[in-house]
Amino acid sequence: ASVANSFSTIAFGFETRDILKNTSAGFQFVNDVSGDASFTTSQFNAAINRAFSIDRDKQISAGILLGFAQRKVDFSKLLFEEAEQLQNPSFTFFDVGIGGNYSNIVNEDFSFISGFSAFHINKPQQTLIEDDDVRLEEKYNIYFLSFYRLNNTIILNPSLLYSRQGKSSEFVLGTTIRHELSSINIEFISQIFYRWDDAIIPAFGLNYNSIIAVISYDINTSDLVAASQNKGGFEFSIIYMWNKKK
């Protein structure tokens, strides 16, 4: 909000494992509103993946994501020096993504998972002006997440993510630190991440009775600092995990 009309994003997701043998599925809904013209993206995604065991401690997985989205803009909130031919204030499109990963339990104290994913591989049309050909470029992710038990109460989760879409790229690295207090059944969560050339991201949270609540904040460090005064954005997330009975 310190730079321009702020954006807001709300997301909801659900996933479950073993709906069929070694097959998991999930869905996600995302709504984002940005800018003075309330440029809105609403998208529903459904995903399914299958796991294949290499041996007792190694596994590979592959999945596909199918999405349906609507984008719209309110031109009445904008001022133009000349009349513009903007006949398409909203449009819908289908979205397709694929991915795969490899996981390895090295020993009882260390394991990791790494993977690759590609989104928008169908390059859906994005133009707000009829007869123009503007496509949503593919987005590629490479990620790594590890689990290291330091002692009986502290667990580290070092991780990194690299994303690329057209000329834009993002590199995020850092770690989560989990401190278990078994006497009161609470796990304290702290995180520190760095988005390369852009922001430092601290986060804090709690895990209690399978409910995880985390709050994070972006501290802007990019060239935008002159306008943002190091201000960024808050993120709040709540996750509920449960054991599915047979």
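**Reading this model together**

Biologist: I see that D57 is partly exposed, at a relative accessible area of 29%. What does "partly exposed" stand for?

Modeller: Buried is under 20% relative accessible area, exposed is over 50%, and partly exposed lies in between, computed with a 1.4 Å probe and protein chains only. D57 falls in that middle class at 29%, while R56 is exposed because its value is 78%. Before we go on, this is a predicted model: local features need pLDDT of at least 70 and side-chain atom pairs count only at pLDDT 80 or more, while totals for chains, interfaces and linings use all residues. Residues are numbered from 1 along each chain as its sequence is written, and side-chain values use heavy atoms, leaving out hydrogens and water.

Biologist: How much of the chain is buried, and which secondary structure does the chain have?

Modeller: Of the 246 residues, 24% are buried. Helices (H or I, at least four residues) and strands (E, at least two) are DSSP runs numbered from the N terminus, and here they come to 1 helix and 14 strands. The C-alpha atoms fill a box of roughly 70 × 45 × 35 Å along the principal axes.

Biologist: Now the charges. What counts as a salt bridge?

Modeller: Side chains of opposite charge can pair when their charged atoms come close. The cut-off here is a side-chain nitrogen of Lys or Arg within 4 Å of a carboxyl oxygen of Asp or Glu. Searching the whole structure gives 10 of them. One joins R56 to D57, with the closest N and O atoms 3.8 Å apart.

Biologist: Which parts of the chain does the E180 and R149 pair tie together?

Modeller: These two side chains meet at 3.8 Å, N to O. E180 sits in strand β9 (residues 168-181) and R149 in strand β7 (residues 139-149), so the pair links parts 31 residues apart in sequence. E180 is partly exposed at 26%, and R149 is partly exposed at 25%.

Biologist: And R195 with D218: buried or exposed?

Modeller: R195 and D218 are both buried. Their salt bridge has an N to O distance of 2.8 Å. R195 belongs to strand β10 (residues 186-195) and D218 to the loop between β12 and β13 (219-220), so this pair ties together parts that are 23 residues apart in sequence. Through shared partners, salt bridges join E170, R195, D198 and D218 into one network.

Biologist: What should I look for in a nonpolar surface patch?

Modeller: A patch takes residues with over 30% relative accessible area and no salt bridge; like charges are joined within 9 Å, and nonpolar side chains (Val, Leu, Ile, Met, Phe, Trp, Tyr) within 5 Å. Areas come from the Shrake-Rupley method with a 1.4 Å probe, and for residues only the protein chains shown count as cover. The patch here is about 950 Å² and is made by F12, F14, F27, F29, F44, I211, I238, Y240 and W242. Strands β1 (8-20), β2 (23-34) and β14 (234-240) are the elements that give two or more residues to it. I211 comes from strand β12 (residues 211-217) and is partly exposed at 41%.

Biologist: How do you read contacts, and which residues touch N104?

Modeller: Contact means heavy atoms within 4.5 Å. Apart from neighbours within four places in sequence, N104 touches D57, K58, S111 and F112. N104 lies in strand β5 (residues 90-107) and is buried, at 13%.

Biologist: Last one: which residue has a positive phi although it is not a glycine?

Modeller: Most residues other than glycine have a negative phi. N185 has a positive phi of about 60°, in the loop between β9 and β10, and is partly exposed at 47%. K123 is another non-glycine case, with phi near 45°. K123 lies in the loop between β6 (110-119) and β7 and is partly exposed at 36%.
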